[in-house]
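I open my notebook and load the model. I want to know what sits inside, and which side chains meet.

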Amino acid sequence: MDVQVDQSGKLEYTSHDTVLAFSNGTSFSVLIPATVKRACIKRLREQGIFGPQLYMRLFAAGLSFLLRGHAEELSQVIIDVEYPGREGQIKDHLVNLLLQAGFQLRAKQIQFRQIGKKSSAHRLALAVFRGGKEPDVILDERALLGGLK
């Protein structure tokens with residue numbers, strides 16, 4: 001199965017939630033509450049992780065939770081470009097996080113490109129972000145930070 005992935009509510013914007021969603025026949029969404037983002041950012045900064053690296057790690061951790069339960073059935077994952085020029089780092093971190101969690105998704109199965117506002121992944125992420133649809137999973141600080149190992 002091929003899926004597209006989109007984010008609604010940037011991770012850097014700590015005053016509101018972030019939603020990651022995929023869709024293409026099957027759909028799934030993960031909500032990262034603003035309070036969880038702030039707590040995780042604080043903890044990562046205490047560990048000496050700053051700047052773009054911090055947000056790429058959080059993005060990859062969120063993606064790993066989004067994809068892990070579906071990894072075996074995914075043939076292609078197209079992720080909307082959120083951090084231009086950092087796709088390789090995100091992909092490497094995502095693949096490693098999935099492997100550590102016992103799921104296999106190869107780097108060649110993951111691509112980054114603009115998916116647009118007409119994408120069903122975009123519509124799902126936006127619906128969850130705006131509260132019109134419940135997320136499938138709400139991540140807490142422990143889960144998100146635990147996913148960064």
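Entry 1: Anything in between is partly exposed. I also note that I am looking at a predicted model.

I apply the term to lysine 42 and glutamate 46, and both are exposed. Both lie in helix H1, which covers residues 34–46. They are four residues apart, about one turn of the helix.

Entry 2: How many salt bridges does a search of the whole structure find? I get three.

I look up arginine 43. Arginine 43 forms a salt bridge with glutamate 141, and the closest N and O atoms are 3.3 Å apart. Arginine 43 is in helix H1 and glutamate 141 is in helix H5 (residues 141–146), so this pair ties together parts that are 98 residues apart in sequence. With a relative accessible area of 38%, arginine 43 is partly exposed. Glutamate 141 is partly exposed too, at 26%.

Next I turn to lysine 10. Lysine 10 forms a salt bridge with glutamate 82, with 3.4 Å between the closest N and O atoms. Lysine 10 lies in the loop between strand S1 (2–8) and strand S2 (18–24). Glutamate 82 lies in the loop between S4 and helix H3 (87–100). The pair therefore ties together parts that are 72 residues apart in sequence.

Is each partner buried or exposed? I check lysine 10 and find 27% relative accessibility, so lysine 10 counts as partly exposed. Glutamate 82 has 13%, so glutamate 82 counts as buried.

Entry 3: What else does the side chain of glutamate 82 meet? I find a polar contact with the side chain of glutamine 7, at 3.3 Å. Glutamine 7 is in strand S1. Its relative accessible area is 8%, so glutamine 7 is buried. I leave aside neighbours within four places in sequence and list the contacts of glutamine 7: Thr18, Val19, Leu20, Phe59, Glu82 and Ala125.

I come back to lysine 10. Its charged end sits over the ring of tyrosine 83, 5.5 Å from the ring centre.

I then search for aromatic pairs, and the structure holds two. One of them joins phenylalanine 59 and tyrosine 83. Their centres are 5.4 Å apart, and the planes are at 65 degrees, which makes the pair edge-to-face. Phenylalanine 59 is in helix H2, while tyrosine 83 is in the loop between S4 and H3. They are 24 residues apart, and the pair links distant parts of the chain.

I note another charge over a ring. Arginine 68 lies over the face of phenylalanine 65, at 4.1 Å from the ring centre.

**Entry 4: serine 8.** I look up serine 8, which lies in strand S1. With a relative accessible area of 9%, serine 8 is buried. Not counting residues up to four places away in sequence, serine 8 touches Asp17, Thr18, Val19, Ala125, Leu126 and Phe129.

**Entry 5: the nonpolar cores.** I write down a general rule. In soluble globular proteins, nonpolar side chains tend to be buried together.

How many residues does the largest nonpolar core have? I get 40. Those with the most contacts inside this core are Leu63, Leu66, Leu67 and Ile79. The largest share, 11 residues, comes from helix H2 (residues 51–67). Apart from this core lies another, of six residues, including Ala21, Leu124, Ala125 and Val128.

I skip residues up to four places away in sequence. Isoleucine 79 then touches Val5, Phe59, Leu63, Leu94, Ile110, Gln111, Phe112 and Arg113.

**Entry 6: leucine 74.** Where does leucine 74 lie? I find leucine 74 in the loop between H2 and strand S4 (76–79). Its relative accessibility is 3%, so leucine 74 counts as buried. Beyond its neighbours within four places in sequence, leucine 74 is in contact with Met1, Val3, Leu67, Leu105 and Gln109. I also check leucine 74 against leucine 20. They are 54 residues apart in sequence, and 16 Å apart in space from C-alpha to C-alpha.

Definitions and conventions: Residues are numbered from 1 along each chain as its sequence is written. This is a predicted model: local features need pLDDT of at least 70, side-chain atom pairs count only at pLDDT 80 or more; totals for chains, interfaces and linings use all residues. Side-chain values use heavy atoms; hydrogens and water are left out. A nonpolar core is a set of buried Ala, Val, Leu, Ile, Met, Phe, Trp, Tyr and Cys residues joined through side-chain atoms within 4.5 Å. Buried means under 20% relative accessible area, exposed over 50%, partly exposed in between (1.4 Å probe, protein chains only). Helices (H or I, at least four residues) and strands (E, at least two) are DSSP runs, numbered from the N terminus. Contact means heavy atoms within 4.5 Å. A salt bridge is a side-chain nitrogen of Lys or Arg within 4 Å of a carboxyl oxygen of Asp or Glu. A polar contact is a pair of N or O atoms within 3.5 Å; within protein, one must be able to donate a hydrogen and the other to accept it, and residues adjacent in sequence count only if both atoms are side-chain atoms. Rings of Phe, Tyr and Trp (its six-membered ring) pair if their centres lie within 6.5 Å; planes under 30 degrees apart count as stacked, over 60 as edge-to-face and the rest as tilted. A charge sits over a ring if NZ of Lys or CZ of Arg is within 6 Å of the ring centre and within 35 degrees of the ring normal.
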